[in-house]
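Here are my notes on the model, as numbered points. Please read them with the structure open.

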Amino acid sequence: MTRVVVVTAGLSQPSSTRLLADRLADAVTAALAERGEQVELDVVELRDHAHALADHLLTGFATGDLADAIGAVARADALVVVTPVFSASYSGLFKTFFDVLEPETLAGTPVLLAATAGTPRHSLVLEHALRPLFAYLRATTVPTAVFAATEDFGAGDGYLASRVHRAAGELADLAAGTRRTTQRRQAALPAADEEFGDVIPFEQLLRGSDPR
């Protein structure tokens with residue numbers, strides 16, 4: 001079972017950010033199914049956790065649904081992250097969520113980057129803002145990122161559809177490969193008794209070293 005978590009930071013309901021997130025989720029699920037993988041899909045709508053995220057910044061603790069969302073991201077085999085563009089970068093809500101994650105939470109996790117905006121002029125946000133952020137978090141980002149301007153949603157099966165399909169395939173390849181490598185590595189590890197043999201209690205060691 002491959003666990004895929006979609007993190008979407010749209011502020012309105014409905015939002016173009018959530019629309020793109022759903023398209024990517026469907027494409028990733030289909031790509032994994034083609035590779036013989038079963039999928040467990042969760043969607044984290046950050047809009048629902050805005051107040052809890054502010055509380056987390058002040059207290060240092062996550063509670064309730066936010067804690068569940070953070071746990072889902074930490075356990076994910078792959079992530080799809082989608083943000084609207086504000087002031088030529090990711091949204092504050094999006095950044096806040098990834099700010100509160102513990103260090104190393106995303107280390108080695110395959111991530112598909114995506115963003116939405118009203119104009120194609122913001123498309124470079126994927127490379128100058130999102131990719132450096134997830135490089136800092138030590139995630140493994142797929143080569144193809146997906147940007148959707150407002151006009152792209154009415155363009156039919158064109159450029160956006162091809163980007164979604166390609167990025168989903170790249171994420172599926174990474175997710176399936178990473179999970180299988182982890183399983184093989186875990187299967188190869190010796191059991192505790194095989195690795196350490198008979199463990200001598202510390203008190204017995206102390207008695208053995210007592211010259212009296």
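1. A definition comes first. A residue counts as exposed when its relative accessible area is over 50%, and as buried when that area is under 20%. Thr-63 has a relative accessibility of 57%, so Thr-63 counts as exposed. Thr-63 sits in the loop between α2 (50-59) and α3 (64-75). Its C-alpha lies 7.4 Å from that of Ala-52, and the two residues are eleven apart in sequence.

2. Now the overall picture. The model is a predicted one. The protein has eight helices and seven strands. It has 212 residues, and 42% of them count as buried. Take the contacts with a separation of 6 or more: 81% of them are between residues 24 or more positions apart.

3. Next, strand β5 (110-117). Is β5 enclosed or open? Eight of its eight residues are buried, so β5 is largely enclosed by the rest of the structure. Pro-110, Leu-112, Ala-114 and Thr-116 point one way from the strand. Val-111, Leu-113, Ala-115 and Ala-117 point the other way.

4. Which strands pair with β5? β3 runs parallel to β5, and six bridges join them. In that pairing, Thr-83 stands opposite Ala-115 of β5. β7 also runs parallel to β5, with four bridges between them. Here Ala-114 has Val-146 as its bridge partner in β7, and Thr-116 stands opposite Ala-148. Strand β6 (residues 140-141) is joined to β5 by two bridges, again in parallel. Pro-110 stands opposite Thr-140 in β6.

5. Strand β7 covers residues 146-149. Val-146 and Ala-148 point one way, Phe-147 and Ala-149 the other way, and all are buried.

6. The largest nonpolar core has 37 residues. Which members touch the most others? They are Val-7, Val-81, Phe-97, Phe-98, Leu-106 and Phe-134. The elements giving two or more residues to this core are β1 (2-8), α3, β3 (78-86), α4, β5, α5 (125-136) and β7. The largest share comes from α5, with six residues. A second, separate core has 25 residues, including Val-4, Ala-21, Ala-78 and Ala-168.

7. Phe-98 deserves a separate look. Neighbours within four places in sequence aside, Phe-98 is in contact with Val-7, Val-81, Leu-106, Phe-134 and Leu-137. Phe-98 is buried in α4, as are Leu-93, Phe-94, Thr-96 and Phe-97. The cover over the buried residues of α4 includes β1, α2, α3, β3, β4 (89-90) and α5.

8. How do α4 and α5 pack? Their axes come within 12 Å and cross at roughly 10 degrees. Angles under 35 degrees count as roughly parallel. The two helices, α4 and α5, are therefore roughly parallel to each other. On the α4 side, the contact is made by Phe-94, Lys-95 and Phe-98. On the α5 side, Leu-130, Leu-133 and Phe-134 make the contact.

9. A buried loop residue is worth checking too. Thr-105 lies in the loop between α4 (92-99) and β5 (110-117). Is Thr-105 buried or exposed? Its relative accessible area is 19%, so Thr-105 is buried. The cut-off for buried is under 20%. A polar atom of the Thr-105 side chain lies 2.6 Å from the backbone oxygen of Glu-102.

10. Last, His-56. This residue is in helix α2. Its relative accessibility is 10%, so His-56 counts as buried. Which residues is His-56 in contact with, leaving aside neighbours within four places in sequence? They are Phe-61, Ala-62, Leu-66, Ile-70 and Val-100.

Conventions:
Residues are numbered from 1 along each chain as its sequence is written. This is a predicted model: local features need pLDDT of at least 70, side-chain atom pairs count only at pLDDT 80 or more; totals for chains, interfaces and linings use all residues. Side-chain values use heavy atoms; hydrogens and water are left out. Buried means under 20% relative accessible area, exposed over 50%, partly exposed in between (1.4 Å probe, protein chains only). A polar contact is a pair of N or O atoms within 3.5 Å; within protein, one must be able to donate a hydrogen and the other to accept it, and residues adjacent in sequence count only if both atoms are side-chain atoms. Two strands pair if DSSP finds at least two bridges between them. A nonpolar core is a set of buried Ala, Val, Leu, Ile, Met, Phe, Trp, Tyr and Cys residues joined through side-chain atoms within 4.5 Å. Contact means heavy atoms within 4.5 Å. Axes are lines fitted to C-alpha atoms, for helices over the stretch in contact, and angles run from 0 to 180 degrees between N-to-C directions. Angles under 35 degrees count as roughly parallel, over 145 as roughly antiparallel, 65 to 115 as roughly perpendicular and the rest as oblique.
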